[in-house]
Amino acid sequence: EPLRSLIQGEPAAESVESLQSFVDFVRRACRSQAFQNLLHDHESKAEDNFRSGCDYLTSLFEQHSRLLILRIDLYFRPDAKGWGYGKAADEAVTKYLRSLRLAYGPGYFGFVIKRENGISRGMHYHLMVILDGNLHRNAYYLTQQIGEKWIKRVGTDKGSFFNSYARKDRYRYNGLGLVHVSDVEKLLGLRIALWYMSKQDSELKVDDSK
């Protein structure tokens, strides 16, 4: 009603009615059992992913006191967004991840990757690469190198990347670079990063029509 009193003219009043109808629909849908079941499955999947990632990193720390943690965002350029949704892009990502093991040999332990479909970015990936901290140290250079391998794999006309180490000082808890098993703040930063990469995303897409 307060909104209604501020509206002048019939078209605006109709917009308020439409907005109210949408709000009512969302409320009904969120109270439904079907929605609650989907929400439970959605949250359970995120928790399962997180536990799996924690178990994986814990197993590595049980064998190695120092891990080198690299994080990078892999993108498709605006003109190649459509290509990023296709089978060729999926195959390129698979081959790219396989090539990392070949590039770093025994010093390479593995990776955690999250595929995300953003409204503005389109399909993109958040990648965490784990290396042996006793063999590798230069986090910025190695992350940059991994990004360049991505560009080489998909082509300069299709791929781009962001080196997360460049903004390491902006994180309250920095889990990037060399992480020692006894460094609590680094481990906390690693945990936060892992939770972000584990969570399931939902998005509401709105078209340009009325």
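Predicted model: local features only at pLDDT ≥ 70, side-chain atom pairs only at ≥ 80, totals over all residues.
Residues are numbered from 1 along each chain as its sequence is written, and side-chain values use heavy atoms, with hydrogens and water left out.

**The whole chain**

Begin with the protein chain coloured by secondary structure, where six helices and five strands can be found (helices are DSSP runs of H or I with at least four residues, strands are runs of E with at least two, and both are numbered from the N terminus). Followed along the sequence, these elements give the pattern α-α-α-β-α-β-β-α-β-β-α. Of the 210 residues, 35% count as buried (under 20% relative accessible area, with exposed meaning over 50% and partly exposed in between, for a 1.4 Å probe and protein chains only). Among contacts between residues at least 6 apart in sequence, 68% join residues at least 24 apart, where contact means heavy atoms within 4.5 Å.

**The nonpolar cores**

Next, select Leu100, Leu127 and Ile146, which touch the most other members of the largest nonpolar core, a set of 24 residues (a core being buried Ala, Val, Leu, Ile, Met, Phe, Trp, Tyr and Cys residues joined through side-chain atoms within 4.5 Å). Strand S1 (66–76), helix H4 (87–104), strand S3 (122–132) and H5 are the elements that give two or more residues to this core, and H4 gives the most, with seven residues. Apart from this core lies another, of 15 residues, whose members include Leu60, Phe61, Met128 and Val179. In soluble globular proteins, nonpolar side chains tend to be buried together.

Centre the view on leucine 127 and show its surroundings: not counting residues up to four places away in sequence, leucine 127 touches a set of residues that includes Leu70, Tyr96, Leu100, Phe111, Ile146 and Met197.

With neighbours within four places in sequence left aside, the contacts of leucine 70 include Leu127, Met128, Ala139, Leu142, Thr143 and Ile146.

Threonine 143, the next selection, is found in helix H5 (residues 139–154) and is likewise buried, at 1% relative accessibility. A polar atom of the threonine 143 side chain lies 2.7 Å from the backbone oxygen of alanine 139. Beyond neighbours within four places in sequence, threonine 143 is in contact with Leu70, Arg71, Ile72 and Asn163.

**Two helix pairs**

Now display H4 and H5 together, which pack at an angle of about 135° with their axes 10 Å apart (axes are lines fitted to C-alpha atoms, for helices over the stretch in contact, and angles run from 0 to 180 degrees between N-to-C directions). The two helices are therefore oblique to each other, a class left over once angles under 35 degrees are called roughly parallel, over 145 roughly antiparallel and 65 to 115 roughly perpendicular. Residues making the contact include Ala92, Tyr96 and Leu100 of H4 and Leu142, Ile146 and Trp150 of H5.

For the second pair, select helix H3 (residues 33–63) and helix H6 (residues 184–198), which pack at an angle of about 140° with their axes 8 Å apart; H3 passes H6 in a right-handed crossing. Among the residues that make this contact are Phe50, Gly53 and Leu57 of H3 and Leu187, Arg191 and Trp195 of H6. Zoom in on glycine 53 in H3, which is buried with a relative accessible area of 9% and whose C-alpha atom is separated by 9.3 Å from that of arginine 191, 138 residues apart along the chain.

**A buried loop residue**

Finish at leucine 176, in the loop between strand S4 (159–163) and strand S5 (177–180), where a relative accessible area of 3% makes leucine 176 buried. The C-alpha atoms of leucine 176 and isoleucine 69 are separated by 5.2 Å, although the two are 107 residues apart along the chain. Not counting residues up to four places away in sequence, leucine 176 touches Ile69, Arg71, Ser164, Tyr165, Lys168, Tyr171 and Lys186.

Definitions and conventions. Polar contact = N/O pair within 3.5 Å; in protein donor to acceptor, adjacent residues only side chain to side chain. Left-handed = near helix turned anticlockwise from the far one by under 90°.
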